[in-house]
Amino acid sequence: MLPSEVLRATQAITNEFISEELRARFHEAKNVLVLTGAGVSAESGVPTFRGGGNTAVWKGMPFEVISSAGMLARDLPAVWEWFNYRRGLLEKLKPNPAHVAIAQWQDRFRNFALVTQNIDGLHQAAGARNVIELHGSIWRARCFDCGAVHYVCELKFEDGGSPACFDCGGHLRPDVVLFGEMLPTGAYENAALQAQDCELCFVVGTSAVVYPAALIPEVARAAGAYVVEVNPERTPVSGLCDEVLTGKAGEILPRLCQKPDR
Ligand code: APR
């Protein structure tokens with residue numbers, strides 16, 4: 001089979017995956033929520049944490065250890081070193097067609113909520129507004145003492161140390177939710193409220209094992225929404241979804257706006 005035929009076959013399968021029912025609901029919906037995870041940024045080159053049977057490791061430490069409240073208390077410079085490494089990876093990366101499609105949806109639906117677990121800022125780089133960042137942002141830092149929030153690009157890092165707050169001189173930490181920490185005040189509550197009101201909920205590129213983010217599809221489902229998962233792999237929420245689109249977000253999401261090939 002020639003490469004072009006393979007491509008067409010793949011596209012045809014993807015299209016067929018998008019049911020007439022989903023197309024109809026997509027075109028009629030007024031209230032839509034999208035929950036995203038690391039997988040939506042995979043096609044931009046952002047390494048995911050899980051999926052494909054692997055989990056991320058840093059200097060021999062599982063990422064759950066280096067990205068934990070315990071590590072923050074024990075070795076703040078090491079935590080900064082990890083996030084500086086992740087930020088270094090991200091600086092060169094661009095949004096992919098999945099981010100672009102989702103950003104376009106915000107002007108398509110009367111009420112649109114974008115809830116992300118990602119800290120990479122690629123949704124915003126694609127033009128998304130009012131993103132509910134459940135796990136914070138790698139581009140910001142927060143002061144332990146006065147709580148001031150600063151952009152990392154404005155900070156000075158002395159010899160691998162941790163940067164100081166230029167409001168109070170206190171120690172700054174990445175403005176990211178670490179394992180063992182609470183989410184930013186109101187972030188989950190706001191997302192859950194939007195999930196209760198949505199009629200169409202997309203779950204895109206998340207392994208759905210981290211809580212409370214993984215509760216969002218359940219809240220939407222319980223409120224009667226049509227729930228759609230987009231992921232190359234099955235996850236713990238696949239079973240509660242009305243439709244599971246198995247594949248890459250960057251290949252599938254843009255097709256939702258397209259008329260189906262007859
Ligand atoms: N399109 C859609 N989904 C994809 C793609 C893709 N191109 N590539 C991979 N995936 C899927 C994987 O199959 C996996 O199910 O994305 C998921 C990524 O899962 P994780 O790496 O566990 O990321 P996430 O669910 O966002 O993790 C939740 O855990 O690590 C912490 O704080 C971190 O926010 C993160 C949270």
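Which residue has a polar backbone atom 3.1 Å from an oxygen atom of the ligand? I looked it up, and it is glutamine 117. I count a polar contact as a pair of N or O atoms within 3.5 Å; within protein, one must be able to donate a hydrogen and the other to accept it, and residues adjacent in sequence count only if both atoms are side-chain atoms.

Ground rules first. I am working on a predicted model, where local features need pLDDT of at least 70, side-chain atom pairs count only at pLDDT 80 or more, and totals for chains, interfaces and linings use all residues. Numbering runs from 1 along each chain as its sequence is written, and side-chain values use heavy atoms, with hydrogens and water left out.

I went on to asparagine 231, where an N or O atom in the side chain is 2.7 Å from an oxygen atom of the ligand. At alanine 249 I found a polar backbone atom 3.0 Å from a nitrogen atom of the ligand. The protein buries 92% of the 720 Å² that the ligand exposes when taken alone (Shrake-Rupley accessible areas, 1.4 Å probe; for residues, only the protein chains shown count as cover).

I then listed the shell: 22 residues are around the ligand, and Phe49, Arg50, Thr206, Ser207 and Asn231 come nearest (near means a heavy atom within 4 Å). By class I get 9 nonpolar, 9 polar and 4 charged. Here Ala, Val, Leu, Ile, Met, Phe, Trp, Tyr, Cys and Pro are nonpolar, Asp, Glu, Lys and Arg charged, and the others, Gly among them, polar.

**Pockets**

The ligand takes up the space of the largest pocket (more than half of its atoms lie within 2 Å of the grid points). For a pocket I use a 1 Å grid over the protein atoms alone and a 1.4 Å probe: an open set of points with protein on both sides within 12 Å along at least five of seven lines, lined by residues with an atom within 4 Å of a point.

I get about 950 Å³ for the largest pocket. Its lining has 47 residues, with Gly37, Ala38, Phe49, Arg50 and Ser207 closest to the centre. Helix α5 (residues 76–90) gives the largest share, 4 residues.

The second largest pocket comes to about 210 Å³. I count 13 lining residues there, with Gly136, Arg142, Asp175, Val177 and Pro184 nearest its centre. They divide into 6 nonpolar, 1 polar and 6 charged.

**Backbone**

I checked the backbone last. Most residues other than glycine have a negative phi, and most peptide bonds are trans. The bond from tyrosine 211 to proline 212 is cis, with omega near 10 degrees. Asparagine 130 has a positive phi, near 50 degrees.

Note on methods. Grid points are joined across faces, edges and corners, and a volume is the space filled by probe spheres set on the points. Helices (H or I, at least four residues) and strands (E, at least two) are DSSP runs, numbered from the N terminus.
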